[in-house]
Amino acid sequence: MGDDHSAARPLRADARRNRERVLQIAQEALASDGLTISFDEIARRAGFGVGTVYRHFPTREALVEAVLLGRIERFVADARALATAEDAGRAFFGWFTTVVEQAAANQALCDMLESGSGMALRPGSTLADDFAAALARLLARAQRVGAVRADLAPQDVHDLLRGCLAAERRARARGGAVRMAEVICEGMRAKPASPPPTF
C-alpha cells in the first residue's frame with residue numbers, strides 16, 4: 001500500500017505542473033489573440049492533447065476566467081484602496097488610466113471589459129457588481145471635490161472606458177500615439193465656470 005501511495009504523488013505533481021503550464025500558455029495566447037483563441041490551439045501551444053486541458057478546465061469559459069479573473073479583481077482592489085485617497089480627482093483619473101493601459105495591452109482582457117464577455121462580468125455577477133461599485137465610489141468622490149464633471153453617471157464612465165479601450169487598441173495596431181486615456185480623462189474633467197458676460 002505504501003508503494004502505491006508514493007507512486008501516486010508524482011502524478012499529482014505532474015497534474016499540477018500541467019495545469020500551471022496550461023494557464024501560462026493560455027495567458028500568453030489570450031493576451032495576443034483575445035477571446036477567440038480555441039482550446040485546441042492552447043493545447044497545441046502547450047504541447048498537450050486537448051483532453052489534458054479539459055481535465056483541468058471543463059469549459060473554455062472556465063479557462064478564460066481562471067486567467068483573467070485575477071486581473072479584474074486587482075482593478076477592483078486598487079479602486080477600493082484609492083477610495084480614501086487624499087486627492088480624489090487624482091485617484092479617479094489615475095485608476096481609469098491604469099485600467100486602460102493594462103487592459104489595452106491584453107487582447108482578451110480588453111475584450112472582456114469592452115463587451116462584458118464571460119460569466120465574471122455579466123450584469124448581476126458578483127465581480128461585475130464589485131467593479132461597478134468601486135468605479136462609482138471613485139467617481140462620486142472626484143465629483144464631490146469638483147474634479148470630474150457632475151453630469152457623468154457611473155454607467156457613462158463605464159461606457160467611456162469601453163470606448164477608450166477600443167480606441168487604444170486601434171491606435172496601438174496602427175502604431176499611433178497611445179494617448180486615448182489622456183484624451184478621455186481631459187473630457188471628463190470639470191471645467192471652471194465661465195465668468196458672466198460683461199456688457
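Helices here are DSSP runs of H or I with at least four residues, numbered from the N terminus. The model is predicted.

**Exercise 1.** Determine in which helix Leu138 is found, whether Leu138 is buried or exposed, and which residues Leu138 touches.

*Solution.* Begin with the secondary structure: Leu138 belongs to helix α7, which covers residues 126-144. Next, take the relative accessible area, which is 2% for Leu138; because buried means under 20%, Leu138 counts as buried. Then list the contacts, leaving out residues up to four places away in sequence: Leu138 touches Ala79, Leu82, Ala83, Ala91, Phe92 and Trp95.

**Exercise 2.** Describe how helix α5 and helix α8 pack, giving the angle and the distance between their axes, the handedness of the crossing and the classes of the residues in contact.

*Solution.* Start with the geometry: α5 (residues 88-104) and α8 (residues 154-173) pack at an angle of about 45°, and their axes lie 9 Å apart. That angle makes α5 oblique to α8, and the crossing of the two helices is right-handed. Now turn to the residues that meet, which include Phe92, Phe96 and Val99 in α5 and Leu160, Leu161 and Arg172 in α8. Sorted by class, the contact of α5 with α8 has 11 nonpolar and four charged residues, with no polar ones.

**Exercise 3.** State which residues the UniProt annotation "DNA-binding region" covers, and how much of that span is helix.

*Solution.* According to the unreviewed UniProt entry, the annotation covers residues 38-57. In the model, this span is 75% helix and 0% strand, and its end C-alpha atoms lie 13 Å apart.

Note on methods: Residues numbered from 1 in each chain as written. Predicted model: local features only at pLDDT ≥ 70, side-chain atom pairs only at ≥ 80, totals over all residues. Heavy atoms only, no water. UniProt positions renumbered as here; feature names shortened; annotations may be inferred. Buried < 20%, exposed > 50% of the residue type's maximum accessible area, 1.4 Å probe, protein only. Contact = heavy atoms within 4.5 Å. Axes fitted to C-alpha atoms, helices over the stretch in contact; angles between N-to-C directions. Parallel < 35°, antiparallel > 145°, perpendicular 65-115°, else oblique. Left-handed = near helix turned anticlockwise from the far one by under 90°. Nonpolar A, V, L, I, M, F, W, Y, C, P; charged D, E, K, R; others polar.
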